[in-house]
Amino acid sequence: MLDITLLRKDLAAAVAGLEKRKKNQPYLDVHAFTALESERKILQTRTEELQARRNVLNKQIGPLKAKGEAGAAEVQALMTEVNALKAEQESQSRRLEAIQPELHALLLAVPNLPHASVPLGEDETGNVEMRRWAPQGGAGASATPLAFTPKDHVDLGAPLGLDFEMGVKLTGSRFTVMKGPIAKLHRALSQFMIDLQTERHGYTECYVPYIVNAATLSGTGQLPKFEGDLFAAKKGGQDGEPAPDHSALYLIPTSEVPLTNFVRDEVVPEAQLPIKLTAHTPCFRSEAGSAGRDTRGMIRQHQFDKVEMVQIVHPEKSYEALEAMTGHAEAVLQALELPYRVVLLCTGDMGFGATKTYDLEVWLPAQDTYREISSVSNCEAFQARRLQARFKNAQGKNELVHTLNGSGLAVGRALVAVLENHQNEDGSIRVPVALRPYLRGVEILSA
């Protein structure tokens, strides 16, 4: 959530920042905000005037009462005026209290402002490539083409136990079943990733609920704006009756949601910063706006696994942390010997809560292109303001923390990349050296 003080002091600058984002999406109802703010100021001023007048009259009443009968008439007149002022003040206060949640609801739908270093652009075509890496040549190298026509992960995975038809049978489209060697490879990838982030990069491994309440999702920005992209988990009531609306729960779209909420309504001692958390969880996304995209294979699934990284940091350290976290995600790809590039997202392609985002895109030979496998974002105080997540600074005052999140990595897409980049001409898969300890030393996967 944006700082309402910023909007009050320089609304034009905030609107200009928001207009750098994707076009044709009205992020802030300026007319509604201005009207509510104007009414709030009038009410607040009038309430203060009423209270000041009541104070003056109350001071006059005491001495008049001391006069007894001589001052009785004046006391009665003043009391009548005081009671009228009190009634008006209470009415004004009730409306003032009602305006606050209206302003809050308005701001919940407004995205974060892009950082000054973010390139301008309307969509992904405005993103800026920062660097490439490939195992053959190290940093800056391009992906080396395979010496044969590559198969895609669907054809490579089927003999190893990748079963899309069973996923459709059990649930529906965009769900997958893995059996045998492919299931072991998937598990090995997640275990390797979580070990790397905890043992090399200092994250604390966490186990979190896969179902969360609305307050948790609101804290990180998924609600109310993106409810259509979530799966609701309806809880049954007594005797089989539907549960009331207030008990609605949701499947997590990413473990960023519960991990970041660890500090909701907390004041963290400054000495505890940074807080570095990671978790391996399934993620559930209905992706209401992605119909028809990436329907073949595992690129865009409703259920997928991810190892998430979250950092809660001092505001002065958040951009340093952003670069470090991007490196933490890159380390996974390098260890898996996967070609990739790092892309700085433009203003029109960034997520709702981000001020600055790097995407890591892994090379997929069968598609002859790079595809996103990780997104690392600095949200500054945007989520913290919604969460009321603070730390006590050196002056003893409470200050909002900055929050960052990133994939380290999406396990399913890493599986796709391993299959396609490490395939042999006969369809077998060379297991990257880093994964072999997790597969009991197996070097080749074959049917």
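Mentor: Buried means a relative accessible area under 20%, exposed means over 50%, and partly exposed lies in between, with a 1.4 Å probe and protein chains only. This is a predicted model, in which local features need pLDDT of at least 70 and side-chain atom pairs count only at pLDDT 80 or more, while totals for chains, interfaces and linings use all residues. Residues are numbered from 1 along each chain as its sequence is written, and side-chain values use heavy atoms, with hydrogens and water left out.

The structure holds 14 salt bridges, each being a side-chain nitrogen of Lys or Arg within 4 Å of a carboxyl oxygen of Asp or Glu. One of them joins Arg46 to Glu88, with the closest N and O atoms 3.0 Å apart. This pair links distant parts of the chain, since Arg46 belongs to helix α3 (residues 30-66) and Glu88 to helix α4 (residues 72-108), 42 residues apart; helices (H or I, at least four residues) and strands (E, at least two) are DSSP runs, numbered from the N terminus. Arg46 counts as partly exposed because its relative accessibility is 31%, and Glu88 is partly exposed as well, at 27%.

Arg53 forms a salt bridge with Glu81, their closest N and O atoms being 3.2 Å apart. Arg53 lies in helix α3 and Glu81 in helix α4, so this pair ties together parts that are 28 residues apart in sequence. Arg53 is partly exposed, with a relative accessible area of 35%, and Glu81 is partly exposed at 30%.

Now turn to the strands. Arg131 forms a salt bridge with Glu330, with 2.6 Å between the closest N and O atoms. Here too distant parts of the chain are linked, for Arg131 is in strand β1 (residues 128-134) and Glu330 in helix α10 (residues 318-335), 199 residues apart. Arg131 is partly exposed at 34% relative accessibility, whereas Glu330 is buried, with a relative accessible area of 7%. Salt bridges that share partners also join Glu129, Arg132, Arg341 and Glu361 into one network.

Two strands pair if DSSP finds at least two bridges between them. Strands β1 and β12 run antiparallel and are joined by 5 bridges, with Val128 standing opposite Leu344 in β12. Strand β12 also pairs with strand β13 (residues 356-364) in the antiparallel sense over 5 bridges, and there the bridge partner of Leu344 is Tyr358. Of the 5 residues of strand β12 (residues 340-344), 4 are buried, so this strand is largely enclosed by the rest of the structure.
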